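Subject: Structure handover

Hello,

Here is the structure we talked about. Please open it alongside this note.

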Amino acid sequence: MNDATLPSCALTIAGSDSGGGAGIQADLKTFAAHRVHGLSALAALTAQHTRAVTAVHVPDVGFLRAQIDACFDDFAIGAVKLGMLANAEVILAVADALEHHRPAHVVLDPVMVSTSGARLLEASALDALRTRLLPMATLVTPNLPEAELLIGERVEDVDAMHGAIDALQALGTKAVLLKGGHLPVDAARDEVVDLFADGSLVHPMSHARLKIDAHGTGCTLASAVAANLCLGRDLRESSIAATDYVHAALRRGYRPGRGNVLVLDHFGAAPHG
């Protein structure tokens, strides 16, 4: 079989979630739900469940590079999704690998702050993320606390989200999908507004706010964008489809553990056709 007949694959470079709700596990479920073959390179291993993260281990960066090289050596990779990259050494190793292999699309989920507000990225790694990975990204998908760290400004309403997009694009990223779930709830307009921008347009996407505590939404969104890019959709179409997919998976979410955190139902939300 030659390269022209190989199926398009999506590669996730991220952290493993032993609880199965986020990270590599959520990424691979998302790829499978979109009928895209999923590949993975583990940049971190976590011991976690629906109540807490109890331990984190960061593998040797030489082994991380070996995983990435092995994937590019044998598969037709249509898009790469980047998730939890815990420190500057890992970020630089991933950037070097991507500069070498030059994938068509890189979807960067800058995992720095969890939905609960926990800081997940070492402070020393922030500059490496800004200078090496942001300019390489086809699309960056920050939540609002992550956007604030990247640009050094508060983002407190939809107008400020527009300014944050401009600031993120000034750092070199080609397009932004800025997630608005952390905005204060407006009783008159109880919905989540996300903004997609590619330098020529800003497209708002609104969904009803679901009053649930969920796990793995950011991982899933970025992976769904990557999967849709592998299927031949453009960035705007991929972003719209990805936000719809996450909303559907949240509505069908379930609680597999003893905690109150919901895990997304990836296959119940799988697109048809």
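Predicted model: local features only at pLDDT ≥ 70, side-chain atom pairs only at ≥ 80, totals over all residues.

**Helix α2**

Start with α2, which covers residues 61–74.

Which residues of α2 are buried? They are V61, L64, Q67, I68, C71 and F72. Viewed down the axis of α2, the buried residues fall within an arc of 125°, so they line one face of the helix. The general rule behind this is simple. An α-helix has 3.6 residues a turn, so residues three or four places apart point the same way.

The other side of α2 carries exposed residues: F63, D73 and D74. The buried residues pack against three strands, β1 (8–17), β2 (37–48) and β4 (76–82), and against helix α3 (88–101).

The N-terminal end of α2 has a cap, D60. A side-chain oxygen of D60 lies 2.8 Å from the backbone nitrogen of G62.

Helix α1 runs over residues 23–33. Its buried residues are G23, I24, A26, D27, T30, F31 and A33. The cover over them includes strands β1, β2 and β4, along with helices α7 and α8.

Take T30 as a case in point. T30 lies in α1 and is buried, with a relative accessible area of 0%. A polar atom of its side chain lies 2.8 Å from the backbone oxygen of A26. Beyond its sequence neighbours up to four places away, T30 touches T220, S223, A224, Y245 and H266.

S223 sits in helix α7, residues 217–230. How accessible is S223? S223 has a relative accessible area of 0%, so this residue is buried. Its side chain reaches the backbone oxygen of C219 at 3.0 Å. With neighbours within four places in sequence left aside, S223 is in contact with D27, T30, F31 and K81.

R35 is not a glycine, yet it has a positive phi of about 60°. Its relative accessibility is 68%, so R35 counts as exposed.

R102 lies in the loop between α3 and β5 (106–108). R102 is not a glycine either, and its phi is positive at about 50°. R102 counts as exposed because its relative accessibility is 68%.

H203 is in strand β9. Is H203 buried, exposed or in between? At 21% relative accessibility, H203 counts as partly exposed. The cut-off for buried is under 20%. Apart from neighbours within four places in sequence, H203 is in contact with D194, L195, F196, R236 and I240. L229 is another matter: H203 and L229 are 26 residues apart in sequence, and their C-alpha atoms are 18 Å apart.

R209 lies in the loop between β9 (202–208) and β10 (214–215). At 17% relative accessibility, R209 counts as buried. R209 and D190 are 19 residues apart along the chain, with 5.9 Å between their C-alpha atoms.

**The second largest pocket**

How much space lies in the second largest pocket? The figure is about 260 Å³. The pocket is lined by 16 residues. Nearest its centre lie H34, R233, A270, P271 and H272. Helix α8 (residues 235–251) gives the largest share of the lining, three residues.

**Where to look**

For a quick tour, begin with the buried face of α2. Finish at the second largest pocket, around H34 and R233.

Best wishes

Technical notes
Residues numbered from 1 in each chain as written. Heavy atoms only, no water. Helix = DSSP H or I, 4+ residues; strand = E, 2+ residues; numbered from the N terminus. Expected span 1.5 Å × (residues − 1). Buried < 20%, exposed > 50% of the residue type's maximum accessible area, 1.4 Å probe, protein only. Arc of directions from axis to C-beta. Contact = heavy atoms within 4.5 Å. Polar contact = N/O pair within 3.5 Å; in protein donor to acceptor, adjacent residues only side chain to side chain. 1 Å grid on protein atoms, 1.4 Å probe; cavity = no way out; pocket = protein on both sides within 12 Å on 5 of 7 lines; lining within 4 Å. Points joined across faces, edges and corners; volume = space filled by probe spheres on them.
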